[in-house]
Amino acid sequence: MISVRGLTKRFGERSVLRDVSIEVPKGHIVAIMGSSGGGKTTLLKCIAGLIPFEVGTVEVDGVDVQRTTDEARRHLGLVFQSSALFDYLNVMDNVLFGYRRRHPRASLKDQRAVAEAILEQVGLSGTGHLMPSELSGGMRKRVGVARALILEPAVMLYDEPTTGLDPVTTYALDSLIVDVRDRTGATSLIVSHDLTSVFRVADRIAFLHAGELVFDGPPAGFREAEHPAIAELVGKARAEAFDE
Ligand SMILES: Nc1ncnc2c1ncn2[C@@H]1O[C@H](COP(=O)(O)OP(=O)(O)O)[C@@H](O)[C@H]1O
Ligand SMILES: [Mg+2]
């Protein structure tokens, strides 16, 4: 479970997040939406304990991320927009990167078996020998998910996992995210711009506008939400649906 209470984050004089409170029950998937620069990535980084904040608390499974950062981080799987793979390592070594630090005494044979099992879960069986430059965008994202999953995280944080992917690849990745949750019970937060994706995967939508949480509720209520930024997004998605 993720519990954010009264979080305010400033960069210099500017408040990038203002009094944000949000709870994600264990095993739920919550989507964070909002205009660019609204503070979505900053919120994920605060939850991951990657950046400090001045006001409020963030707890992951009851552990305060600011007090025991390393402990909290062990339970977190991070999938960032860029995938951030090491270009000089093949898929298997990318997937094993964090695992080897966690299990320094695991035999090479065991490491390979674990990596192969995780690659199979993300639909990348037998690709361990490939270099990142040989992968499609969707495959890179899957390697990013595999690298997080191998650490058996209780919480998965995805920052725009499908941005830049075509609709078919997006659909496949959405299915993977739901599958990961179903299989591992990971509490999941996903930053996304794609309303179709969000309606497919999320139990709840949270909308951040200029650092404030202006909506937090089930997808059904989101379409009717009155905030102008949400109405604009919903209207745009409707217009696009008619175009197709
Ligand atoms: N390290 C930083 N230093 C100063 N300002 C930052 C930093 N990181 C993000 N910001 C600012 O905080 C605001 C929110 O950024 P971000 O969380 O990346 O938004 P989003 O992910 O919703 O697009 C932006 O105005 C951005 O310029
Ligand atoms: Mg962002």
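**Around the ligand**

Modeller: Ligand 1 has Phe11, Arg14, Val16, Ser35, Ser36, Gly37, Gly38, Gly39, Lys40, Thr41 and Thr42 around it, where a residue is near if one of its heavy atoms lies within 4 Å. It's a predicted model: local features need pLDDT of at least 70, side-chain atom pairs count only at pLDDT 80 or more, and totals for chains, interfaces and linings use all residues. Residues are numbered from 1 along each chain as written, chains are lettered from A and ligands numbered from 1 in written order, and side-chain values use heavy atoms, without hydrogens and water.

Biologist: Which element gives the most to that shell?

Modeller: α1, with three residues. α1 (40-47) and β2 (14-24) each supply at least two; helices (H or I, at least four residues) and strands (E, at least two) are DSSP runs numbered from the N terminus.

Biologist: What lies 2.7 Å from an oxygen atom of ligand 1 on the Lys40 side?

Modeller: A polar side-chain atom of Lys40. A backbone N or O atom of Gly37 is also 2.7 Å from a ligand 1 oxygen. Both are polar contacts, meaning N or O pairs within 3.5 Å.

Biologist: Switching to α3, which residues are buried there?

Modeller: In α3 (residues 91-102), Val91, Met92, Asn94, Val95, Leu96 and Tyr99, buried being under 20% relative accessible area with a 1.4 Å probe, protein chains only.

Biologist: And what do they pack against?

Modeller: α4 (108-121) and α5 (137-149), with contact meaning heavy atoms within 4.5 Å.

Technical notes:
Buried means under 20% relative accessible area, exposed over 50%, partly exposed in between (1.4 Å probe, protein chains only). A polar contact is a pair of N or O atoms within 3.5 Å; within protein, one must be able to donate a hydrogen and the other to accept it, and residues adjacent in sequence count only if both atoms are side-chain atoms.
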